[in-house]
Every structure is written in C-alpha cells, then in structure tokens.
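Okay, thanks everyone for coming. Let me put the structure up on the screen, and then I'll walk you through a few parts of it.

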Amino acid sequence: MEAMLRSLPLLLLAACGGPPVAPFETTRAEEWRPQLHFSPTSGWLNDPVGLVRFDGVYHLFFQHYPDDTVWGPMHWGHATSADLLHWEEQPIALSPDPALGTVFSGSAIVLEDGLTGVCASRCIALMFTHNGGDSGDQKQSLATSLDGVAFTVHPASPVIANPGIRDFRDPRVYLRDDGRYGALISEGDAVGLWVSDDLLAWTREGGMPIDSDGVVETPDVVHFGDTSTLSTGLAIAVNPGGPAGGSGQGWLDGGPEPSATARSLAWMDHGPDFYAFQAWADPAATEAPGAAPSVGLAWAMNWRYALRTPTEPWRGAMSLPRRLGAAEGQLAQHAIALDALVRGTPVDLASASPRRVEQALESFEGEVYRLRLASGEATHCDLGLRESEDAGTRITWDGDTLSVDRSFSGEVDFDDSFAAVHTAPLSTAGLDLEVVVDTSMLEIFAGDGQVVFTERIFPPYDATGISVSCDAEVDLRIDLLHSIWR
Ligand code: FRU
C-alpha cells in the first residue's frame, strides 16, 4: 500500500495529462488508513466526546482503548487541531479509575471565569460517565483542566449517582438560556434533563421517551442554520434501529430539551456508518459572518460490525467535520472546506456529454479526492467509485432515490450485513452531488446537504478507477487531495 501511495504521482500525471504533481506523501500509510479523517495511531476508537474550542484550538476527545483494536476499558483519547483538518494526537486525557470505573462518553464546557468549587480560573470542564467501579453502575462525573492538556477528575465525582436506571450515560452539558447548567443524559430509551447551578448538585427536571427500536445514546445540542436564522435541535444516536440497519444517528427539531409533545426522529445520515454525532460548542462562526454556526462530527462506524473491520494497528475513524446549515428549515450538512488540500490538475468538465465524461475518466487513478457533479438535464446517473476489475462501489440516482451499493466494494465478508444497498428518497429536480473519497470511507452529500450517506469500504489496493454515467450532459469536477498526515 505504501508503495502504491507513493507511486500515485506517476499515475496521476498519466491520468490528468497536466504538469507534474507533488508526491502524495503520508506518514500513515497502512492499508485503508484514512488520509483526510482522524484515526488514532494505534488502538481502538469510538465516539467523539468533549468537543470544545479553547484558546483558538479545537479539541477532539474520543472513546479509546489504547491497548488493543477492540472495545475495552474505555479511556478518553485526545487530539487537537487549529483548522479542523490537521490533527495532532495529545496524551490520553482520562483513564479508568479502579473505584469509579472506566470512562464513557460525555461532553465539555468552557468556564470563562472559573466556577466556585470547580475551577479557580478559566478552565475546561468535562462531564462524562464513569462505568462500573465499586458501585458497578453508570453515574456522571466531572474533570477539569486549566491548560487543555492535563485533566484532573473532580474529587466530588460522581456528581450524579445512578438513579436506578441501567443505561444512564453520556451527559451533554451546556449553558441554558436561564443561566443555569443543563445536562442531557441517555436514560435507556429516553433522554433526561438534569439542571444545576454549580455543576456539582444536580436535579432531574424532566425527560422524554424517544420513539426508536433501540437504546438512546449520546444526546447532543445542535445549532443549525446561518447566523441570521439559527435553530436548535437535539441530536440522538440509537442502537439498533438505524436507517441502514444496526446503529444510526438521528435528530429532533424544536430545541435541545425534552418537551411534553412527541417529536419524531429524522435521520442525519442514511448510510450505516455515522454514529454518536457531537458538535463543537463554539466553532469559528462568529469570525466568519453568515457562516454556519456549528460544526460537528461522528464516529464513522456501525456497532453491528465495528469490532470486525479489517484494519491494523488501529480500528475506528471519525467522519469529516460537517457544517450544520439549513435547507427548507431542516438540518443540512456539508463537509468542511477541503480546498487547502487540493493538489495537481483537476478533472474539470462543463456541460460534458456522456461520451466526453467517459473519455476523461478512462485513465483516472485516485484513492483520495473530492468529486462534484451537477446533473443538469439528466434524470439518471450511475457512479462507480474505487473501481477495479472485480470491485467497486456504486452510487445511483434515478430521479426519486439516491442509493449506494457496497456489495462488491472489496472486503465485505467480515459481517453478513455489510454487503448491502442503502437508499434514501431524493426527488430534487436535478442531482447536485459532492462525494469525498478517502481510502476506506465515502461521504456523500446531495439535495443541498439534506441527504447524506457515510459508508466505510475496504477496497483492494488496485481499485483506483472511477466511472460516471448520466443520461445527459453534466458538470463534473474531481480534485485530488493531499493527505492531512503528510
Ligand atoms: C455509544 C456508546 C456510549 C457509551 C460509549 C462507550 O457508542 O455506547 O453510549 O458511553 O459508547 O464506549
């Protein structure tokens, strides 16, 4: 694979016919290692947790078992970024405690002026679940850090003891409009609202059952839209009961807090591999007027087969950070800008006939790129990605639906449900598609960000071809991208 990645320039030169491109360089060259997405150097990763921006730095913590590539005693791994594209791994932030237990999912809040009894001056406070330990149950704890690197568990932990609910976890702490602190907590098939004045003493103020087939996990507050029309919703992960089978990520309109009226769950992603979404509480929006105020990401995986995907010496990766906008009043998602990674000469076709598209892609070779397609007058499009003689992943738009078929995407046998077709309604007048292709991951955005699929694939190393076939002229642009790890 390494040889493969390093030989790409020659292939690309042949493909694009343009000037020589800079070598495709990466320090993480194992087979299927994502080159645009965060994954840990080694060990296991699941949920993103504690996402927070502190002193201009984006912090990404993650459920982590450093000693093996399977889920085990949970720690909080830690990475930081200045631009949400390039990540630097930091020392583990939280480790299991013999008395309190292992460290499950949770969230972060910046206490700008400190808080009596919690931290004397400006700090990050983490609120999370301790699992097991002496009590054997799930309860909520606090940790703090003044520098964003070293974290100390607060001696008052747990600050919320288990109230007799087996699945009681994943607190999402936030500042409420009334100036008090709120924590949304998974309570089996419901979300509970707990309220506090000091982050130490908490009272349960309500709850809301979620109509799904599974256990509710990792509630999150999502702000979406633009700065002039901002809405707030509640993001919820459910396992099982997702739209593509296994675990899935949904959201509810109408504010983050439980309400008396029933609200139905809409899917954030129609693919199988998007779970435990969390947004950064304070992204760069205020610095870019009109920009989407919120950016978040998810674990790009499904609990159904998470333990069996064929990667070594790490297992688990995040989705790309996504901007949360709005379209027709609904949550819409777009990949963060990848322009800083563009390299080489793009494939760039305007109003191109089916034959011209075919010719332009005949010798294309790529594993890491962004594709944009505007279908014009077409009513049907078929795309084949990561193609070789005997492998490929197919995206089909027929005017009414968008579907992704990964049945022949490469290694699929590690789980019976992996080789499958995933479908979502998409009846827009035309197809406006963005696909980010990254070694073992596809992220597909259509319908102005309202229909999204995240799909893991494990293609053979020689599956670098692409085909695009629509029934009319289209605009097509493909930008090759640098690795974030170079
Ligand atoms: C979600 C989840 C959380 C839990 C964590 C454990 O994927 O099951 O509910 O806190 O993972 O790793």
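**A walk through some strands**

Let's begin with strand 28 and strand 29 (residues 441-446), which run antiparallel and are joined by five bridges. Before I go further, keep in mind that this is a predicted model.

So, who sits across from whom here? If you find E434, its bridge partner in strand 29 is F445. These two strands make a hairpin with two residues between them, and in that hairpin T439 takes a positive phi near 40°.

Now the other neighbour. Strand 28 also pairs with strand 23 (residues 368-374), in the antiparallel sense, over seven bridges. One place to look is A374, which stands opposite D432 in strand 28.

Is strand 28 largely enclosed or open to the outside? It covers residues 432-438, and six of those seven residues are buried, so the rest of the structure largely encloses this strand.

Let me pick out D413: you'll find it in the loop between strand 26 (401-405) and strand 27 (421-425). D413 has a relative accessible area of 74%, and because anything over 50% counts as exposed, D413 is called exposed.

In the one I'll show you now, four strands are lined up in the order 13-14-15-16, with antiparallel pairing. At its edges are strand 13 (215-225) and strand 16 (266-267), each pairing on one side only. Zoom in on strand 13 and you'll see it run antiparallel to strand 14 (residues 230-239), with nine bridges joining the two. Within that pair, D220 stands opposite A235 in strand 14.

The other open sheet has five strands, and the order is 4-3-2-1-19. How do these strands pair: parallel, antiparallel or mixed? Here the pairing is mixed. Its edge strands are strand 4 (88-94) and strand 19 (314-315), and each of them pairs on one side only. Strand 4 and strand 3 (residues 75-81) run antiparallel, joined by four bridges.

Note on methods. Residues numbered from 1 in each chain as written. Predicted model: local features only at pLDDT ≥ 70, side-chain atom pairs only at ≥ 80, totals over all residues. Heavy atoms only, no water. Buried < 20%, exposed > 50% of the residue type's maximum accessible area, 1.4 Å probe, protein only. Pairing = 2+ DSSP bridges.
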